[in-house]
Amino acid sequence: MNSALGFGFIALGLAASVLGTAGGVYALASGRRSLLATVYRWTWLVVVASVGAFVIMEIALFQRDYSVSYVSQVGSSSTPPLFNFAAAWSSLEGSLLLWVLILAGYLAAVVVKFRQRLTDPLLGWAVVVMLGVSAFFFALLVGPANPFVAVEVPAGFEGPGPNPLLQNHLLMAIHPPLLYLGYVGFTVPFAFAIAALITGRVGEGWLVETRRWTVAAWGFLTLGIVFGAWWSYEVLGWGGYWAWDPVENASLLPWLTGTAYIHSVMVQERRGMLRVWNLSLLCATFSLTILGTFLTRSGTVESVHAFTAGAVGPALLGFFAVVSGLSVGLIGWRGDRLRSPGAIDAPVSREGSFMANNVAFGALAFVVLLGTVFPLLAEAWDGTRLTIGRPYFDSMARPIAMVVLFLMSTAPVLPWRKASTEVLSVRLFWPAVVAVMSMAVSLVLGARGLYPVLTYGLGGFAAGAAARQVVLATRRQGWRGFVGRTNGGMIVHLGVVLLAVGLASAESYRSERTVRLEVGETATVEGHEFRYLEPGADINDRRLRVFAAIEIDGEDVHHPSTINFRQMGQIVATPSVRTGFTEDIYLVLAENPDPDNDAIQLRVIIRPMVAWIWAGGLLMALGTLLALFPGQRRRGTEPSSAPVKVAPVPDGPPPADADTGPRSREATGDPEAGTSGDDAPDGAANRVGVDGRREDVRA
Amino acid sequence: MTTYDPDTVVYLEDQLQQLLASLDDLDSEYEAGDLEPADYESLKADYTVRVADTMRHLEEQKVAIDEGRRYTPRYVLAIGAAVLVFAVGAGFLLARAAGERGVNDALTGAIDESSRQRTAECQELGTVQGQLLEALECFDGVLEQDPENVEALTYRAWFLVLAASSNPDIDPDQSQELTASAEVYLDRAVEVDPTYPDARVFRAVVYDRSGDGDAVCAELDELAGLNPPPFFAQQTEAMAQRNDCVG
């Protein structure tokens, strides 16, 4: 029953997506815009189908309906409810089901958000592209990754449950959906970019339409990556959080290009420049999400994240090629329309620093992509099995990260177009003071080594610049000084600083020791006393957990353990972590208690400031949320809302301000002025109206 | 001066199409007798003016496109050279960090190994692969994070002893210096864990080479008290005899 119903829903989803795509293309190509209404009806059917399929899967999991192939692979009557719910995305087919569910959610949100402009070809093409993507993923579900295949199981069959590593921590229930919300969320700006290319409306209108969608997707991806690192740290027992694993890299790649885009898009909105670059970044970001999906789901790489090999690999690779080819082809086709009207007036300017930021993020993306795909290409070429070690990624990423931190310090205080020495000296004074102080304090506290000390200094510089902006904004605008793209962005910057300082400390001053302890014995590591109190075990029908009670500094007792998941026959070392503001103490049971004398091997890892990494990630998410709220609303006469350029007005007077001349306090060189934000009200893009003037497209 | 804006071009193109279609409609309606000649002339003139205006603005936009920024060959070359230098640098580092992928190796990156795992790798570097210098650097890396790693302290010392004795080109002063350094590491290892037999054996060897028979015998006594595996007794038997150690 569940098999038939579930398959019915995914077949319906495929049919609706295909018909919606085809109908949309016909309506738009033939100019019969009234037909677009039917396309939107298909989108609702896609939503119904994806929700229905997901609900059926959850019902099957909770009913332990092993006649559904997916449930027989990942279901188990002994799995706790939360992990049983999360089992829906713990394996290949289910994860694709979650993918289409989220895509359908975004599709519905787009249609609702733009419901008053449904005959606009830009929106029509965007929805068609999203439906096309949806059709591809539904096709995977109907074909090679069908989770609803009916299977016969013997009486009394008991499923193995999800991978033990995926039912060991709450974060595992949260991390994948967040990551998917980010991955899939980039479909929306990508769809609008393709629509803009097809319609030729490659000006700035579509950017403003998709600004918040992009920021939201970026925020979800950020949180997904941070939670993934946190899960790895809390669960995998190796004492680390980032291994430059290919699947980790795959999630980082769209984040890097997305981050570059979020910055460079402001240059286009403000100056009409970087049109090709921004379109390329957005298309690259979406393509990289598909590449990441390929790496995770093709079985190409062996990783804790990777699902088993399946027939979906070639299909995903083909889709990646189609998406990349289509993007490049359309950008090439529209090349003449994408020419930018201006150039960067001075390198020391806001747009100059955003350009530098893009070069840094682009370079890092190239480094990570090269390192990730090179072993695959080498193996495909002549069968050479290569591994690319951490030193490559570390040695390339560190200097680029320093450049990014430096740019984070200067970009927020730089005015658009050109900065005078006077302006810079006033605006950079306090950030520089913070930088010097943080570097001095770190040296006094014993920090050594080029990168960590530089990170503390540049981190202080960047934090000072961001804090300055927030202080000025709140002084002027009250609570609104925390919201809007610029102000929220500064909160994100503060989060990045916390994260960078945490990473530099945790990586540079890590210490470790493995000690052998008998019951009652005490070992001292880095000034902390570890007393082995007693061994213990708890058993249920799902798992056998062996632990050692370890008292730290005579205070709290921790229980590092090993868990044997009986159904899977897999043993997982589960660390116990004492998290603190300044350091984490990470305990791993390296060897279970000796049957003769209960002696254990205890691995103690002490890493400073790990909590700062998680706090930084959460602050970045908060900043993203604040950036999504509309910022200060400007009057039309205010400088940054003034029309950037005005379309020709037949027989009318020339515009008063056509992107020339001083337009803001910054441009006039007022050094005490806050940085002019980029928070045009929601949708208040300057768009050409029917009378040839700019109009507010909010309505 | 008109500034190029792609959205304006699309708008003007749409407008032009609509105006031309309206002109066609106008002709049809006039031929059908729906319009008076005067109205027809007036409307046609109005539409024609608007078509001309729109075409003029489109032309201005096209001129503006042509006036858009063009990259000079020097600029393109400079960017190309910078990208090339960066790519070569990345390629060089990639080649340095690339290695043969074993059965349990990841495609890229690696998790942080425990100091015990890394110590074993350092030992392998020195003993199996004979790369003493690399092995010493490897131990330094372990000791940086785990300064009391008794195995790393012990085997770093032992590789120093090997470096002092196995290299024929080394002068006696250097050899003595290396041995003295090894002794410091061994002392530290014994201090951290007095029950670790390997450190005792290696320290006995160092004392033996420096001709301090009493110290050798004292060290071997300590070793015997640890009740080590028979292997250690076999290894140290000749040394004990040479130094007339009793028991």
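What follows is a short chat about a predicted model with chains A and B.

Q: How many residues does each chain put into the contact?
A: Chain B supplies 40 residues and chain A supplies 55 residues.

Q: Which elements of chain B give two or more residues to that side?
A: They are α1 (6-31), α2 (37-67), α3 (73-97), β1 (98-100) and α4 (115-127) of chain B.

Q: And which one gives the most?
A: That is α1(B), with six residues on the side of chain B that touches chain A.

Q: How do the residues on that side divide by type?
A: On the side of chain B that touches chain A, 16 are nonpolar, twelve are polar and twelve are charged.

Q: What joins strand β1 of chain A to β1(B)?
A: Three bridges do, between β1 (residues 386-388) of chain A and β1(B), and the two strands run antiparallel.

Q: Which residue is the bridge partner of A:T387?
A: B:G99, in β1(B).

Q: Switching to the open sheet of four strands: what is the order?
A: The order is β2-β11-β10-β9 in chain A, with antiparallel pairing. The edge strands, each pairing on one side only, are β2 (511-517) and β9 (576-579) of chain A. From one strand to the next, the twist averages 20 degrees.

Q: How many bridges hold β10 and β11 of chain A in their pairing?
A: Eight, in the antiparallel sense, between β10 (residues 583-591) and β11 (residues 600-608) of chain A. One pair to look at is A:L587 with its bridge partner A:V604 in β11(A).

Q: What about β9(A) and β10(A), how many bridges there?
A: Four bridges join β9(A) to β10(A), and these strands also run antiparallel. A:R578 stands opposite A:I585, which is in β10(A).

Q: New topic, helix α10 of chain A. What does it reach from its first C-alpha to its last?
A: Helix α10 (residues 246-271) of chain A has 26 residues and reaches 37 Å, close to the 38 Å expected at 1.5 Å a residue.

Q: Where is the kink in α10(A) centred?
A: On A:H263, with a kink of about 25 degrees.

Q: Why is α10(A) described as largely enclosed?
A: Because 25 of its 26 residues are buried, α10(A) is largely enclosed by the rest of the structure.

Q: What comes just after α10(A)?
A: A:G272, which takes a positive phi of about 70 degrees.

Notes
Residues numbered from 1 in each chain as written. Chains lettered and ligands numbered in written order. Predicted model: local features only at pLDDT ≥ 70, side-chain atom pairs only at ≥ 80, totals over all residues. Contact = placed C-beta atoms within 7 Å. Nonpolar A, V, L, I, M, F, W, Y, C, P; charged D, E, K, R; others polar. Pairing = 2+ DSSP bridges. Axes fitted to C-alpha atoms, helices over the stretch in contact; angles between N-to-C directions. Expected span 1.5 Å × (residues − 1). Bend = angle between axes of the 7 residues up to and from the residue. Buried ≥ 20, exposed ≤ 12 C-beta atoms within 10 Å, placed from the backbone.
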